[in-house]
Amino acid sequence: MSNNKAIVLCTKDGSIFLEKQLISLFKQTDSKFDLYINDDGSSDKTLEILKSFKKMHKSGAMHITTRKFGCSNKNFIETLKKVPDIYDYYFFCDQDDIWMRDKIKNSILALSDYKNIPALFCGRTTLIDENDKKIGQSPLFLKKPTLNNALVQSISGGNTMCFNLETKKLLNQVDSSMIPAHDWLAYIIVTAHNGKVIYTSFPQVLYRWHHKNQIGPNQSLMARLKRLNLLFQGDFRNWVKRNNEILSEYKLPDNSLNLIELFVKKIHNGNLFERIIYFFN
């Protein structure tokens, strides 16, 4: 197989920025890939743009489906499941970003030594506005990517992620109706299976920040305080519960099972003071 890479692109009314994203994909220094796209009921010109690009670009297969999910997390997971387990590397791709020219090449280089264990590459993004103007960078996370960290924090967006076949097989098993966030879950699942997560501080994606974003870059102090406030409300506990229910479907190593059991005891069932202290630890 000449193309050992598959990109999963999910769209919904993305015609304003979609063309720029597609151009950035086909201008990659490593441009041999197959593209799997699912449009979730667009009412604009998204499908017209996709079909036009399919006619123009013949270097790899471009598969377009139109299944309606009404949720980007479910769209990504269910579309990924439909991609054959024949590729070495898989990418999540948002419709309104711009990939830097070496994103594919650098992602594969980072994962090349990890073929027999679950492995995932992710990182920071450079933030751009609706006019492609750079307006900052996503937060730099210094904590080592481990299950300890993954249970309480998502360090990177799915739009930066590349993962290997072993990771894809694990994600195939996910009940997509349960997940709080597909990218956070990918991080949790890989670390829970003693896999390898590589986080880079060098952005590979221009992440477009605009009013339609479902989840923001968590830049401001106020944004971070609002998210921390979820710990004291029911949202965070519900997210944790759903993630743990998904993890319970896997046969995990003992070290992960022990950590998750302690985590549930302290965070999900502990008193407020214990939850705060253990969260930060």
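Q: Is Cys 122 buried or exposed?
A: Cys 122 is buried, since its relative accessible area is 2%, where buried means under 20% relative accessible area, exposed over 50% and partly exposed in between (1.4 Å probe, protein chains only). This is a predicted model, in which local features need pLDDT of at least 70 and side-chain atom pairs count only at pLDDT 80 or more, while totals for chains, interfaces and linings use all residues. Residues are numbered from 1 along each chain as its sequence is written, and side-chain values use heavy atoms, with hydrogens and water left out.

Q: Where does Cys 122 sit?
A: Cys 122 is in strand E6 (residues 119-123), where helices (H or I, at least four residues) and strands (E, at least two) are DSSP runs numbered from the N terminus. From C-alpha to C-alpha, Cys 122 is 9.8 Å from Asp 183, although 61 residues separate them in sequence.

Q: How many disulfides are there?
A: A search of the whole structure gives 0 disulfides, a disulfide being a pair of cysteine sulfur atoms within 2.5 Å. Cys 71, for its part, is partly exposed, with 32% relative accessibility.

Q: Back to Asp 183: which residues of H7 are buried along with it?
A: The buried residues of H7 include His 182, Asp 183, Trp 184, Leu 185 and Ala 186. In helix H7 (residues 182-192), 11 of the 11 residues are buried, so the helix is largely enclosed by the rest of the structure. H7 is followed by Asn 194, which has a positive phi, near 55 degrees.

Q: Switching to charges, how many salt bridges does the count come to?
A: The count comes to 7 salt bridges, each defined as a side-chain nitrogen of Lys or Arg within 4 Å of a carboxyl oxygen of Asp or Glu. One of them joins Lys 168 and Asp 85, whose closest N and O atoms are 2.5 Å apart. Because Lys 168 lies in helix H6 (residues 165-171) and Asp 85 in the loop between helix H3 (72-82) and strand E4 (89-93), the pair ties together parts that are 83 residues apart in sequence.

Q: And how accessible are the two partners, Lys 168 and Asp 85?
A: Lys 168 is buried, at 0% relative accessibility, whereas Asp 85 is partly exposed, with a relative accessible area of 37%.

Q: What does Lys 20 pair with?
A: The side chain of Lys 20 meets that of Asp 132 in a salt bridge, at 2.7 Å from N to O. Lys 20 lies in helix H1 and Asp 132 in the loop between strand E7 (126-128) and strand E8 (134-137), so the pair ties together parts that are 112 residues apart in sequence. Lys 20, Asp 132 and Arg 208 are linked in a network of salt bridges.

Q: What about Asp 30, which residue is its partner?
A: Asp 30 forms a salt bridge with Lys 5, with 3.4 Å between the closest N and O atoms. This pair links distant parts of the chain, as Asp 30 is in the loop between helix H1 (15-26) and strand E2 (34-39) and Lys 5 is in strand E1 (residues 5-11), 25 residues apart. Lys 5 is buried at 5% relative accessibility, whereas Asp 30 is partly exposed at 21%.

Q: Last one: where is Lys 55 found?
A: Lys 55 is found in helix H2 (residues 46-56), and Lys 55 is exposed, with a relative accessible area of 66%.
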